[in-house]
Amino acid sequence: MATILALETSCDESAAAIVRDRTVLAHAVASQVEEHARFGGVVPEIASRRHVEALPQLIATVLTESGVALPQLDAVAATVAPGLVGALLVGSVTGRTLARLHGLPFLGMHHLEAHLCSVELGSPLPPGPYLVLLVSGGHTELIRVDGPGRYQPLGRSHDDAAGEAFDKVARLLGLTYPGGPAIQAAAEGGDPHRFALPKGRVSRPEGGFYPYDFSFSGLKTAMLRQVRALEATAEPLPVADLAASFEQVVADVLVERSCRCARDQGLATIVLVGGVAANRRLRQRMERSCAEAGLQWRLAPLAFCTDNAAMVGVAATQRFAQGCSSPMDLGVAPRLPLVQAGQLYEATACF
Ligand code: KG4
Ligand code: ZN
């Protein structure tokens, strides 16, 4: 049984956790959301500074709460890719320093692999293959998983990530950052069918469409046009109907393309992870469509959809069990794709 200290600092959440196998002994998150809210998005320099300030206390908290002393750890893990470079560096340097001082192995973790493993904090994942829909502030991807570390990308967004679209549309509607929870709250009681909005398809150069890819830029423009047209009338902006219609079309697109992809690829299970996986309408829509299509589904537990270190710990447990460890001079990789996560480790068995 491996006991791992995991750190997460890839964006605007500082987090630490102690995980023993798949059990979270303690986890703590310090969100910077309020600080970035007044800028309408994450300011990288502020994010790095707040990680530096928050991380020591978070580590102390999870060690105390778990009753685990540093010498009892088997490894230290920190997210090193992808994300904001300065933010990633804080977790990476902290993790490597602790590992070096206590003679422990260090594991540099891929943030998307961590999101993927967040499902395990609820119920065990099937052995694979299965399809993952990963929807966060920076990524919208459909990934076939054949087992730990074995990923095949099948679909992606060609412009904004789904979370980014939520954040931008929220700003358009005069709602707060982050946009996802704000739109969900504003959509409460709204009519999701009042406005017809486009489902953003991506054309193939040779004709037709990429069946599993996404585009949210047309939807954003349609929302802008709709809002401008409504503002030209004397009526107050119907924010609830606009938010509900937007949420509905995003959920429709994500679920329809995921189900089609799973069916075409002969995959029996869809796994939903990432910050946008916290969206109630998306969760309900996914459950209903999977049930209708005879597919199995697994949703990341609500508490672990947005960034946290418990999911990093579960992913690290899996890598540690494979015999993976990272070199102590491992850097950070702000844009490393998930399929290249194996590059973070020394052992050749780690793909
Ligand atoms: O996974 P995450 O915490 O950070 C990244 O790795 O990007 O995802 C953050 C994103 C933000 O864009 C936020 O607006 C969105 O997840 N989000 C939601 C909800 N909660 C967070 N989107 C829709 N509905 C929600 N309830
Ligand atoms: Zn994330």
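Begin by selecting D21, which sits in the loop between β2 (13-20) and β3 (23-31). Bear in mind as you go that this is a predicted model. Look at the backbone here: D21 is not a glycine, yet its phi is positive, about 50°. Is D21 buried, exposed or partly exposed? The residue is partly exposed, with a relative accessible area of 26%.

**Two cis peptide bonds**

Next, select A81 and P82. The peptide bond from A81 to P82 is cis, and its omega is near -25°. You will find P82 in the loop between β4 (75-81) and α3 (85-101).

Then jump to G128 and P129, which are also joined by a cis peptide bond, this time with omega about 5°. P129 belongs to the loop between α4 and β6 (130-135).

H115 is buried, with a relative accessible area of 0%. D307 is buried as well, at 14%, because buried means under 20%.

**Ligand 1 and its shell**

Move on to ligand 1 and show the 19 residues around it; H115, G137, D167, G180 and D307 come nearest.

- A backbone N or O atom of G137 is 2.8 Å from an oxygen atom of ligand 1.
- An N or O atom in the N279 side chain lies 3.1 Å from a nitrogen atom of the ligand.
- A polar backbone atom of D307 is 3.0 Å from an oxygen atom of ligand 1.

Taken alone, ligand 1 exposes 550 Å², and the protein buries 89% of that. Elements giving two or more residues to the shell are α4, α5 (162-172) and α6 (179-187). Of the elements, α6 gives the most, with four residues.

For the last stop, colour by domain. Where does ligand 1 lie relative to domain 1 and domain 2? Domain 1 (3-116 + 305-344) and domain 2 (126-299) both give residues to the shell, so ligand 1 lies between them.

Terms used:
Residues numbered from 1 in each chain as written. Chains lettered and ligands numbered in written order. Predicted model: local features only at pLDDT ≥ 70, side-chain atom pairs only at ≥ 80, totals over all residues. Heavy atoms only, no water. Buried < 20%, exposed > 50% of the residue type's maximum accessible area, 1.4 Å probe, protein only. Near = heavy atom within 4 Å. Polar contact = N/O pair within 3.5 Å; in protein donor to acceptor, adjacent residues only side chain to side chain. Areas by Shrake-Rupley, 256 points an atom, 1.4 Å probe, with all protein chains shown as cover. Domains from an automatic or database assignment.
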